[in-house]
Protein chains: 2
Amino acid sequence: MTAINDLLAFQRQTEALSSIAERLGWDQETVMPRGAAEQRAEEMGAIEAVLHERRTDERIGEWLEVAEPQTEAETRAMDLIARDFNRASKIPARLAQELARLTSLSQGIWAEARAKDAPEEFLPTLDQVLMLKREEAAAVAEGGDLYDALLDDYEPGITGTEIAALFDQMRPRLVALREDILGVENQPAPLTGHFPQETQLRLARTCATAFGYDWTRGRLDLAVHPFSSGRWQDSRITTRVVEPDPFNCIYSTIHEVGHSSYELGIDPDYAFTPLGRGVSMGVHESQSRIYENQMGRGRAFTGWLFKRMSDAFDDLNIADPDAFYATVNRVTPGYIRTEADEVQYNLHIMLRFDIERDLISGRLNTEDLVEAWNARFLKDFGVAVDRPANGVLQDVHWAVGLFGYFPTYALGNVFAGCLNRALREAVPELDTSLAAGDAAPGVEWLRENVQRHGGLLPPKQLIEQAIGESVSPEPLLAYLEDKFSRIYGL
Amino acid sequence: MTAINDLLAFQRQTEALSSIAERLGWDQETVMPRGAAEQRAEEMGAIEAVLHERRTDERIGEWLEVAEPQTEAETRAMDLIARDFNRASKIPARLAQELARLTSLSQGIWAEARAKDAPEEFLPTLDQVLMLKREEAAAVAEGGDLYDALLDDYEPGITGTEIAALFDQMRPRLVALREDILGVENQPAPLTGHFPQETQLRLARTCATAFGYDWTRGRLDLAVHPFSSGRWQDSRITTRVVEPDPFNCIYSTIHEVGHSSYELGIDPDYAFTPLGRGVSMGVHESQSRIYENQMGRGRAFTGWLFKRMSDAFDDLNIADPDAFYATVNRVTPGYIRTEADEVQYNLHIMLRFDIERDLISGRLNTEDLVEAWNARFLKDFGVAVDRPANGVLQDVHWAVGLFGYFPTYALGNVFAGCLNRALREAVPELDTSLAAGDAAPGVEWLRENVQRHGGLLPPKQLIEQAIGESVSPEPLLAYLEDKFSRIYGL
């Protein structure tokens, strides 16, 4: 009994320290004075050093040898601790430090190169990041596939080959749907007008409340790139305001409410254990996406939102709720992943997935990267990239070493498609409630079937238990084809 | 060379972790969601455990044995590290934990007892706190005076006997001054009117700027009890708004700007070393008080403030800058230390100092505490305490174990008096600048002569180097007698 208790007590403190590090990150992006960057870097370095020491502490290995878990939760907690310990122990301390140092520098180099549209100023750094990430992958993979070793850090239990097969199923139908949509003569009107910041934020708060965000355990602040942060009793969200485009603020908020609600919805018994957080990036994204898209951009909720926005702003220049619904869901050609609509978003991911797999395997060199990106974009999207900032330089992920992260976004969409089908069957009254500005029936079903379990079940098993069948891209594709055929009269 | 470098590198990380703990404290009092209290307690416990382990780490003792400092700063850093290490090592871990646990509980018990005006509900807890604090003092004092051992944690290098002698010099002149003032027939008018929160906060920001607060390294937020937090590149201040009394917000802000400016003014070379923070509570308070009182409540600055407030608010009902100056500096009978004017403030401290020394020595038991407080208050202030919340229950300090802290407030006033005399001689143009809403000449003199040195010199030595003579209460008393004789026409 002592070993398991010692192990969990040690982990409890590690979880608390890790939660502090995340709170510091929130502080940095929201409220920190701008002159405090160096100090914060030193503070983050200090707490990360403590965390690294704890994660590779030899005692963990000893406890794991002899600990006897008494419950399902303890067994799973031990598995997750063992997983992190083994991974962390395989990565040499020297490599971990080099990666930390390089990726904190490379973010700035990337940002500058993007601002100057000068990929040549970034590619040498990317080369170094790639070299270290391949070294990390080799240390973890121990002879296995390098890309899978990286992917496993974000989405345990799935391989690059499985994702490639999934994407191959999805690509032709998404390309066809996009072509059909863009071929329609009468396209929905864009939103035009003046939308003051304060009003946008008030609406965003109203929407967060509509989606059940618990304000006693969270708050909303502004950040350059919206994110959510924290868990248990304190999960905060951020949003941004682009004054001509209030949908940016509103849907970023609903998206982050999905992430935060997942963390806040986990069984409190799992707090300060490895089960006390979202189980994978893909499952996390499924929650943010189903809040934002299947519920938030549906006809029912947008009907309610149309009324709220018509009251809040002078003149929306939009005739009725149906026209508003079409405007919210407009599909337009575009270069940027984060601005993409539901139809095209996954195509952006597929492009990145194939390219990053080739970079990690060595099939593609960074010197050929720009050309590879542009050729693939033309093929999948039918337009040529106009400049690097709208192409290969648009995302920060590779600069900071996040190889294997992109596919979890699309996987989240696939999971959201599956969950949405099951949710609609289980809760037929959901749209009636959404039309009244209340997502509670949907939120409750997701809490009960997904969120409360935290890390208890592996990602795919969790989703399949929730939906009662195998994970497949079919529900997502059927949902998109149905939704957009109606909007565009296909 | 290795030992000194290892010691300072280890300390650097400890300082960074300690800075994180302080930032969490700020978060808790300003922006944390109210439902996050338990989680935050667990997080604070985790980082405090890491800090305690580091502060008592055996390697510190080994490094101190053999380290060879190369500079004056390194020598002093070693002294300060040795001081903390010796103190922390003398306190048994069991006692430190019990104190942490008890004082986190006792704050709530005190707050409830105060709200209910029921000292009997708090005194048994205070008894336990006292017992543990005496145990701590005995462990640290090793046969020496118990009270001095506690005092030394806040104000190194001064004894209870020295403070008692200082206070004996001050008390009769302060009592006499107060009696003269309260005997005057025409008392200054109080401020009346309506002062909206947003306008108060805007004025507070203007005042902070007038006192040179560096907004690129700080920010202003609301808190129940104003405080400042952090150092180096990130020292934040808080204030509160009491709508009928805008002076509360404005002078709390200027006070906290004094504290923060001290931390921000320290030589950046001392960052993340034991020299990189204010050297004692008394010196800290000297900075906040000279900003708030000798500069902020002087005739010159209040003249400028009168104009700003007349512009900002509808009608101040005050005739001219002289009348306004008298209103700012009104002396009225009152029970509460934190609301006291410059004349009576130190009398509140003297009462607490004598009582807490008797509690620690055992000359006074908690069962006689209420009576002792009330008798002393009647003697020093000439009025009877009306209820415990206005008497012995008004301050949180004893509940959380801060015995030996109170006298540093009065010591800060004494230091401020000394510094003000030297400052006025060195910078004769200060009032001209303050009258134009710019404290820069005063701030610069304080930065050069006090703030930038951080912990390099012991408190008294630092002040005496700055003023070129011995520390004495005379300048403070002369300043108060002169200022209030003029205001009240004595």
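Guide: Let's start with the cover words: a residue is buried under 20% relative accessible area, exposed over 50%, and partly exposed in between (1.4 Å probe, protein chains only). You're looking at a predicted model, where local features need pLDDT of at least 70 and side-chain atom pairs count only at pLDDT 80 or more, while totals for chains, interfaces and linings use all residues. Residues are numbered from 1 along each chain as its sequence is written, chains are lettered from A and ligands numbered from 1 in the order in which they are written, and side-chain values use heavy atoms, with hydrogens and water left out.

Visitor: Okay, why is D214(A) called partly exposed?

Guide: Its relative accessible area is 23%. That value lies between 20% and 50%, so D214(A) is partly exposed.

Visitor: And what makes D214(A) and R217(A) a salt bridge?

Guide: The rule asks for a side-chain nitrogen of Lys or Arg within 4 Å of a carboxyl oxygen of Asp or Glu. In D214(A) and R217(A) the closest N and O atoms are 2.7 Å apart, so the pair qualifies. Over all chains, this rule gives a count of 82 salt bridges.

Visitor: Which chain parts does the salt bridge of R231(B) and E22(B) link?

Guide: These two have their closest N and O atoms 2.7 Å apart. R231(B) sits in the loop between β2 and β3 of chain B, E22(B) is in helix α1 (residues 2–30) of chain B, and 209 residues separate them, so the pair links distant parts of the chain. Helices (H or I, at least four residues) and strands (E, at least two) are DSSP runs here, numbered from the N terminus.

Visitor: Are R231(B) and E22(B) buried or partly exposed?

Guide: One of each. R231(B) has 10% relative accessible area, so it is buried; E22(B) has 26%, so it counts as partly exposed.

Visitor: What makes the pair of R236(B) and D27(A) cross between chains?

Guide: Their side chains meet in a salt bridge at 2.7 Å, N to O. R236(B) belongs to strand β3 of chain B, while D27(A) belongs to helix α1 (residues 2–30) of chain A. With 0% relative accessibility, R236(B) counts as buried, and D27(A) is buried too at 3%.

Visitor: Which residues are linked in a network of salt bridges?

Guide: The members are R23(A), D234(A), R236(A), D27(B), R40(B) and E43(B).

Visitor: How do you know that β1(B) and β3(B) are paired?

Guide: Two strands pair if DSSP finds at least two bridges between them. For β1(B) and β3(B), residues 236–239, there are 3 bridges, and the strands run parallel. L220(B) stands opposite I237(B), and D221(B) is opposite T238(B).

Visitor: Which residue in the hairpin of β2(B) and β3(B) takes a positive phi?

Guide: That's G230(B), near 105°; the hairpin has 6 residues between the strands.

Visitor: How do you know that both faces of β3(B) are covered?

Guide: In a regular strand the side chains alternate between the two faces of the sheet. R236(B) and T238(B) on one side, plus I237(B) and T239(B) on the other, are all buried.
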